[in-house]
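I open the notebook on this entry.

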Amino acid sequence: MMFLIGVLPIALAGIFIIYSVTGSHRASVASIEENLINQKIEEVSSFVSDAADSLELRVGLSDINKDFRNDLSNQTFLLKGAINGNPAIVDASFIETSALLPNFGKETSRIIKDGNSTGGAAIFTRNAAGEEEILRDQRNLPQFAVAKGGAKYIGPVYFTADGPMVTIAAPVRPNNSDEVFSVLTAELSLSDMARIISKSKLGQAGYIYVADNTRRVVASGKDIGQSEDNTMVRSLLAPNAPRQLSARYSNYSGQEVAAYGKYIPGINLAVVAEWPVSDADSILDNLRYQVIAFALAALVGVILLSVLLANKIVRPIKALEEGTEVVAKGKFDEPVNIKTGDEIEDLGAAFNKMTEGLKQLQALKDEFVFIAAHELKTPVAAIKGYLSIINDDLAGPVSDKVKEFIVKVLNANSRLIRLVEDLLEVARADAGKIKIDVAPTDIAPVVEETIGELKPLSDEKSIRVTYEKLAGMPKTLADGGRVREVLVNIIGNSIKYIGTKPGGKTIDIYHELKDGALVTHIKDNGLGMSKEAQAKLFQKFYRVATKDTIGITGTGLGLFIVKQIIEKMNGSIWVESEEGQGSTFSFSLPLEN
Ligand code: ADP
């Protein structure tokens with residue numbers, strides 16, 4: 001019970017936790033991925049837009065035409081500044097915005113970072129010779145159009161041998177007016193973005209990659225190949241597709257992944273996080289182990305606690321229960337000993353008080369029975385004496401009719417005498433005052449005498465009584481007179497409760513040597529009795545009440561007295577019986593050493 005109360009809630013809570021956590025786990029995985037992607041998008045976006053911001057110049061020149069348009073050294077100085085200011089800018093140029101000038105839409109100067117230079121420090125102009133050389137015409141390109149309009153431009157990602165690139169552009173204005181007089185355009189290397197992406201961590205095995213609108217992998221935290229054509233990327237890059245998606249599918253190497261993807265419209269990229277399910281869900285396994293470990297620990301705790309509580313609660317209750325059984329047997333001398341220091345100890349004390357009260361009550365009752373029986377003894381004996389005198393004509397002649405009644409009264413009186421004697425014997429037994437004088441005794445003659453004594457009764461009922469002695473019967477340590485009393489009672493009962501047996505009524509008496517004692521069996525084929533009756537048979541005043549025993553008189557004290565006598569002689573008595581089949585009463589007596 002304790003176990004159930006303690007463990008069931010823990011087990012249920014564990015199952016509930018695992019169930020609900022499993023349910024919300026997918027959402028959690030997606031949200032972890034989303035957070036990471038958002039963070040990366042933030043980093044990538046600010047990387048690109050910071051670079052574009054740095055291009056938006058305001059130039060403090062008094063005469064644009066003289067100091068800027070016609071002075072290449074100033075342009076070169078500014079381009080160098082742009083390139084040196086941001087290591088990711090590999091190419092920068094100014095484009096003329098005045099439609100009135102012949103160079104409209106064309107590069108007026110350009111600087112390329114030396115691709116071969118590892119430090120990226122070598123910078124040169126295409127027109128190194130100092131000649132006014134017209135470079136590329138960008139009149140119809142979006143970066144020119146957007147920047148000329150006064151806005152910053154960030155182009156789509158494209159690929160070169162050196163990695164992914166993006167074109168950025170910004171307007172150039174004088175610092176005293178908003179008029180755009182040139183566009184500064186640059187090529188930005190996205191290698192740094194690749195570094196940002198590849199550094200990201202997602203559990204143990206998860207990774208992030210970025211794909212452009214041709215599904216080409218621009219940057220990746222894992223070597224997943226040049227392009228990615230899975231459902232996620234395709235769905236994200238499809239026209240009018242949702243901006244973010246979450247799905248589970250097999251990745252480039254056939255591994256089941258929990259994926260989350262987002263489309264960044266500004267730079268036309270899809271950022272996807274793929275987290276192998278085995279890794280993403282391993283947290284669930286950990287949780288399961290933790291829940292099981294916790295449940296086991298709780299189990300051990302509950303078992304220990306149950307044992308402690310059982311000792312504290314159950315043991316004293318058991319002691320009380322045993323105490324009631326002892327009292328039920330009529331013994332009031334065994335108080336219960338409960339020392340729990342709580343209400344149960346108080347209950348034990350109350351129980352002992354009650355037992356003490358019952359003991360006093362019993363002593364009073366025993367005393368009353370003894371005095372009453374003792375006082376009855378003399379008058380019933382006197383009645384018997386005077387009735388016998390009348391019956392024997394010693395008080396003058398008596399008619400036969402009167403004699404007939406006198407005999408009936410005599411019979412009733414002898415039953416009364418018997419009852420009085422039994423009551424006195426019971427009172428003595430209760431007071432522990434049964435007198436027994438044990439001596440080495442041969443039981444056989446006692447049995448034979450008793451059979452002879454009861455012969456008139458057994459003959460009257462046509463009962464065949466047999467007796468089988470043991471060859472070389474050992475002597476017992478017993479009181480011969482008391483053994484006779486016992487036998488009269490038991491054999492007398494067999495005769496009394498023989499019932500009607502068409503096949504012949506029998507009482508067989510025989511002995512057996514067992515465990516150092518002589519056992520005497522008295523077996524009859526009489527009425528027998530039920531198991532419940534057998535259990536109560538040796539109790540005071542107990543009589544079996546069936547339709548067969550209804551007319552048979554008795555006190556219910558005989559077997560109680562017999563048991564006290566046998567036990568006083570260190571023997572024991574028991575019965576085996578079956579209703580309608582008969583009974584075998586057996587008693588043992590210790591052998592003479
Ligand atoms: P009593 O015979 O005075 O009633 P006992 O104590 O001698 O009292 O017997 C108790 C009861 O046991 C009897 O009332 C009787 O119902 C039952 N009993 C005793 N001996 C036998 C027997 N041999 N066969 C059947 N019932 C018996």
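Entry 1, the hairpin. I looked up the turn of the hairpin formed by β16 and β17: two residues lie between the strands, and D515 has a positive phi near 45°. The model is predicted, so I note that local features need pLDDT of at least 70, side-chain atom pairs count only at pLDDT 80 or more, and totals for chains, interfaces and linings use all residues. Numbering starts from 1 along each chain as its sequence is written, and side-chain values use heavy atoms, with hydrogens and water left out. Helices (H or I, at least four residues) and strands (E, at least two) are DSSP runs numbered from the N terminus.

Entry 2, the pairing. I counted strands as paired if DSSP finds at least two bridges between them. Strand β16 (residues 505-514) runs antiparallel to β17, with eight bridges joining them. I found T520 of β17 as the bridge partner of H511. β17 also pairs with strand β19 (residues 582-590), again in the antiparallel sense and over eight bridges. There I looked up I522, and its bridge partner in β19 is F585.

How many of the eight residues of strand β17 are buried? I took buried as under 20% relative accessible area, exposed as over 50% and partly exposed as in between, with a 1.4 Å probe and protein chains only. Seven of the eight residues (517-524) are buried, so the strand is largely enclosed by the rest of the structure.

I located T97 in the loop between β2 (89-96) and β3 (107-113). Its relative accessibility is 8%, so T97 counts as buried. With contact meaning heavy atoms within 4.5 Å, and neighbours within four places in sequence left aside, T97 touches R69, F104, F144, K148, V180, F181, S182 and V183. I also checked T97 against G452: they are 355 residues apart in sequence, and 153 Å separate their C-alpha atoms.

I listed 14 helices and 19 strands for the protein. The C-alpha trace spans about 185 × 50 × 50 Å along its principal axes. The radius of gyration is 59 Å, whereas a compact globule of 593 residues would have one near 25 Å; the radius is taken over C-alpha atoms, and the globule rule is 2.2 Å times the number of residues to the power 0.38. Of the 593 residues, 40% count as buried. Among contacts between residues at least 6 apart in sequence, 62% join residues at least 24 apart.
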